[in-house]
Amino acid sequence: MGVSLKDVAQRAGVSIKTVSNVVNNYQHVTPKMRARVQRAIDELGYRPNLTARHLRKGRTGIIALAVPEFGNPYFAELAGAVVDAAARHDYTVLVDHTAGLREKELLVSQGFRSHVIDGLILSPIHLETEDLMARTETAPLVLLGEREYEAPYDHIAIDNVAASRDAVRHLVERGHRRIAFLGSRTGRERQPAHLRLRGWREELAAAGIEPDESLVVVTDGYGREDGASAMAALLDRGERPDAVFAYNDLIAIGAMRTLTSRGLRIPEDVAVVGFDNIEESLYGATTLTTVAPDKEAIARLAVDSLVERLSGSPVTEPRRPRPGYRLVVRESTATT
């Protein structure tokens, strides 16, 4: 038979209510009493029945995270951070894959798994504000990603324009003038690719450099192959840049492969900056300078927002926190 609250209470010499208050992290327990109960919990190896606790509150104890790409290491790393953040609130995370398809994003946002989850963290690609405004599902929703929405949901995203400007400024300060942008997209102006391209344009203009649109390459996707093809297309047109700012690390890594296969040195001939700071960026033949979003902060803010909404906190104004980021300088731009 497992250890019960009563067993802990007897060991600590306190009431069962006091043990319950400590287990549920109620704030009005004194530090001395909390330490006393925690010592008894540790000695007896007590583990709370999380399922029963959630069921008493009319919940399942499960939240969902829906991401567009399992194959993109950024989302895998972000999912790990969300799982860790959720565990601190005694929640389990169910991970859904939308493949960036509009119909799947609509499905999960409209409560496809509402019978098994308490709330949803969603990183959409194709949903529009109108889709979110038409949502009838009552489970709390928190948005991730850099698309901008005018909808009454908390939205966690870094400042893509500012981060991109920092990346381009880093290249300009190292004397680069023909800076390409790989990973542009056609269509909706508020997609992340457009925000990062906007940062590219703004920082070049601020440095007195006319943005050369011939150095902007549209890609079909955001993977290594897309980066390699985009870089090859640019070189084949005779438009050799002296630096590259890529939409993400995967595109940057693909571009670096093409550059080295063409006999160009990184960073002496062409410097490269990526975005996302995936683990792979640290282990190539040439390590990659990249914008590093604070994934742990993104995950923590998303989970905390969802848990607060689950507590019944009214949504007077949707929150739009801006997690931090930093530029990590490595070999792909460091010439000395």
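**Helix packing and ring contacts in a predicted model**

Helix α5 (residues 73-87) packs against helix α12 (residues 295-310) at an angle of about 50°, and their axes are 8 Å apart. The model is predicted.

Student: What is the handedness of the crossing where α5 passes α12?
Tutor: A crossing is right-handed if the near helix is turned clockwise from the far one by less than a right angle, and left-handed if anticlockwise. For α5 passing α12, the crossing is right-handed.

Student: Which residues of α12 make the contact with α5?
Tutor: On the α5 side the contact is made by Tyr74, Glu77, Leu78, Ala81, Val82, Ala85 and Ala86. Their partners on α12 are Lys295, Glu296, Ile298, Ala299, Arg300 and Val303.

Student: How many aromatic pairs are there?
Tutor: Rings pair if their centres lie within 6.5 Å. By this rule the count is 3.

Student: Is the pair of Tyr74 and Phe75 stacked or edge-to-face?
Tutor: The ring centres of Tyr74 and Phe75 are 5.3 Å apart, with 80° between the planes. Planes over 60 degrees apart count as edge-to-face, so Tyr74 and Phe75 are edge-to-face.

Student: Is Tyr74 buried or exposed?
Tutor: Buried means under 20% relative accessible area. Tyr74 has 11% relative accessibility, so Tyr74 is buried. Phe75, at 12%, also counts as buried.

Student: Which strands does the pair of Phe181 and Phe245 tie together?
Tutor: Phe181 and Phe245 form an edge-to-face pair, 5.6 Å centre to centre with 65° between the planes. Both Phe181 and Phe245 are buried. Because the pair links parts that are 64 residues apart in sequence, it ties together two strands: β6 (residues 179-184), which holds Phe181, and β8 (residues 243-246), which holds Phe245.

Student: Which ring lies under the charged end of Arg196?
Tutor: Arg185 lies over the face of Tyr222, at 4.6 Å from the ring centre. The charged end of Arg196 sits 3.8 Å from the centre of another ring, that of Phe275.

Student: What percentage of the residues in the protein is buried?
Tutor: The protein has 12 helices and 11 strands. Of its 336 residues, the buried ones make up 51%.

Conventions. Residues numbered from 1 in each chain as written. Predicted model: local features only at pLDDT ≥ 70, side-chain atom pairs only at ≥ 80, totals over all residues. Heavy atoms only, no water. Phe/Tyr/Trp six-rings, centres within 6.5 Å; stacked < 30°, edge-to-face > 60°. Buried < 20%, exposed > 50% of the residue type's maximum accessible area, 1.4 Å probe, protein only. Helix = DSSP H or I, 4+ residues; strand = E, 2+ residues; numbered from the N terminus. Lys NZ or Arg CZ within 6 Å of the ring centre and 35° of its normal. Axes fitted to C-alpha atoms, helices over the stretch in contact; angles between N-to-C directions. Contact = heavy atoms within 4.5 Å.
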